[in-house]
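Work through these exercises with the structure open beside you. Try each task before you read its solution.

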Amino acid sequence: MNAIRTADVPDCRLCGGAGAPLHADVEDRLFGIPGRWSLLRCAACALVWLSPRPEAADISRLYQGYYTHEEEAPPSALQRAVRHGIPAAVLGYAQASPGFGARLLSRVGPLREAGVRSALGLDGHLRGRLLDVGCGSGLLLGTLRDLGWDVSGSEIDPDAAAVARARVGCEVHEGAVEELSLPAGHYQAVTLSHVIEHVLDPVATLRECGRLLARDGRVAIVTPNAASRGSRAFGPDWRGWEPPRHIHVFEPESLVQVVERAGLRVVSCETPASSAYYLWLESARLRGDAPSTAARLRALAFWIDEYRRVRAGDACGEEILLLAKRA
């Protein structure tokens, strides 16, 4: 593949502050996009961004062969309980029939958190039309459809959009959400699961999401947390950086600023630890550690300890989960 065309971004696009080097000379060790990149951090607002940044015309080239082109294995019984049973027990999705096992699992703190995260914290009483922006291969669409939402998606990658249509059987619009001219006020929920870190102009993307939202609806965002315990433990090997596809990586405070600048009002903002096990293993792999039973046990211990810290009030979870509504 030829080199991606890029442009240097020395200053923060959120507040105008100068960027200080966080990690320099990093490479794409996941999908082999050629180039070397730096991560800069704004001392004023804590936004982390990629420099040089891929030019808009080359963004689609970053996703050739991306994981969203592949069908995933059917969920295990435990995964089904977390994705469907626990939201039914905790968030009011009664038609999902939580059952005794799911009610019991919902009493296990880390699993309860994972179940709420799997539904992006959306309460069952909000159910109606839902648009998943950047829906990828449709995993979230399928989960939310099974919980009773009337789902549709948008996706810039036609290959991923085709996988999502085949998996879920719903409408998937192709293109950036800002360019689709979807009807205003049409959706009870607009979701962005690991999407906002990929876009060139997150304020513009969220402003359009707000335009699409019904008056009492919610925008739900999940994105890596640049202030997570994993980002500190693994440094440039942390899986959440993902250069060059992650163009901005947020801390809770900088994400709140972006959301408010887009004209939305924050309802809640937390940092769940539910992805800590997966991110520990992936980050260890990027660091060069061999997979092993001992590594899986360390990842499990990391997850449980991170959950304990988050519950004690430390915003150190691997992801940010933010819910917002129209101002």
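**Exercise 1. A pocket and its lining**

The model is predicted. Find which helix gives the most residues to the lining of the second largest pocket.

Solution. 
- Step 1: Start with the helix. H3 gives the most, with five residues.
- Step 2: Look for the other suppliers. Helix H3 (109-118), strand E12 (264-270), H10 and strand E13 (319-326) each provide at least two lining residues.
- Step 3: Sort the lining by class. Nine residues are nonpolar, four are polar and six are charged.

**Exercise 2. H9 against H10**

Describe how helix H9 and helix H10 pack: what is the angle between their axes, and which residues meet?

Solution. 
- Step 1: Know what to look for. The angle between the axes and the distance between the axes describe two packed helices.
- Step 2: Locate the pair. H9 covers residues 276-287 and H10 covers residues 293-311.
- Step 3: Read the geometry. The two axes come within 8 Å and cross at roughly 135°.
- Step 4: Name the arrangement. With that angle, H9 is oblique to H10.
- Step 5: The crossing of H9 and H10 is right-handed.
- Step 6: List the residues. H9 brings Ala-276, Tyr-277, Trp-280 and Leu-281. From H10 come Ala-295, Arg-296, Arg-298, Ala-299, Leu-300, Phe-302, Trp-303 and Glu-306.
- Step 7: Sort them. This contact of H9 with H10 has nine nonpolar residues, three charged residues and no polar ones.

**Exercise 3. H6 against H8**

Repeat the analysis for helix H6 and helix H8: at what angle do they pack?

Solution. 
- Step 1: Locate the pair. H6 spans residues 202-212, and H8 spans residues 252-261.
- Step 2: Read the geometry. The angle is about 55°, and the axes are 8 Å apart.
- Step 3: Name the arrangement. That angle makes H6 oblique to H8.
- Step 4: H6 passes H8 in a right-handed crossing.
- Step 5: List the residues. Pro-202, Val-203, Leu-206 and Arg-207 of H6 touch Val-258, Val-259 and Arg-261 of H8.
- Step 6: Sort them. Five residues in the contact of H6 with H8 are nonpolar, two are charged and none is polar.

**Exercise 4. Backbone exceptions**

Is the peptide bond from Ser-51 to Pro-52 cis or trans? What is the phi of Asp-25?

Solution. 
- Step 1: Most peptide bonds are trans, and most residues other than glycine have a negative phi.
- Step 2: Check Ser-51 to Pro-52. The bond is cis, with omega near 0°. Pro-52 sits in the loop between strand E4 (48-51) and strand E5 (53-54).
- Step 3: Check Pro-243 and Pro-244. They are also joined by a cis bond, with omega about 0°. Pro-244 is in the loop between helix H7 (229-234) and strand E11 (248-249).
- Step 4: Turn to phi. Asp-25 is not a glycine, yet its phi is positive, about 60°. Asp-25 belongs to strand E2 (residues 19-26).

Definitions and conventions: Residues numbered from 1 in each chain as written. Predicted model: local features only at pLDDT ≥ 70, side-chain atom pairs only at ≥ 80, totals over all residues. Heavy atoms only, no water. Axes fitted to C-alpha atoms, helices over the stretch in contact; angles between N-to-C directions. Helix = DSSP H or I, 4+ residues; strand = E, 2+ residues; numbered from the N terminus. Parallel < 35°, antiparallel > 145°, perpendicular 65-115°, else oblique. Left-handed = near helix turned anticlockwise from the far one by under 90°. Contact = heavy atoms within 4.5 Å. Nonpolar A, V, L, I, M, F, W, Y, C, P; charged D, E, K, R; others polar.
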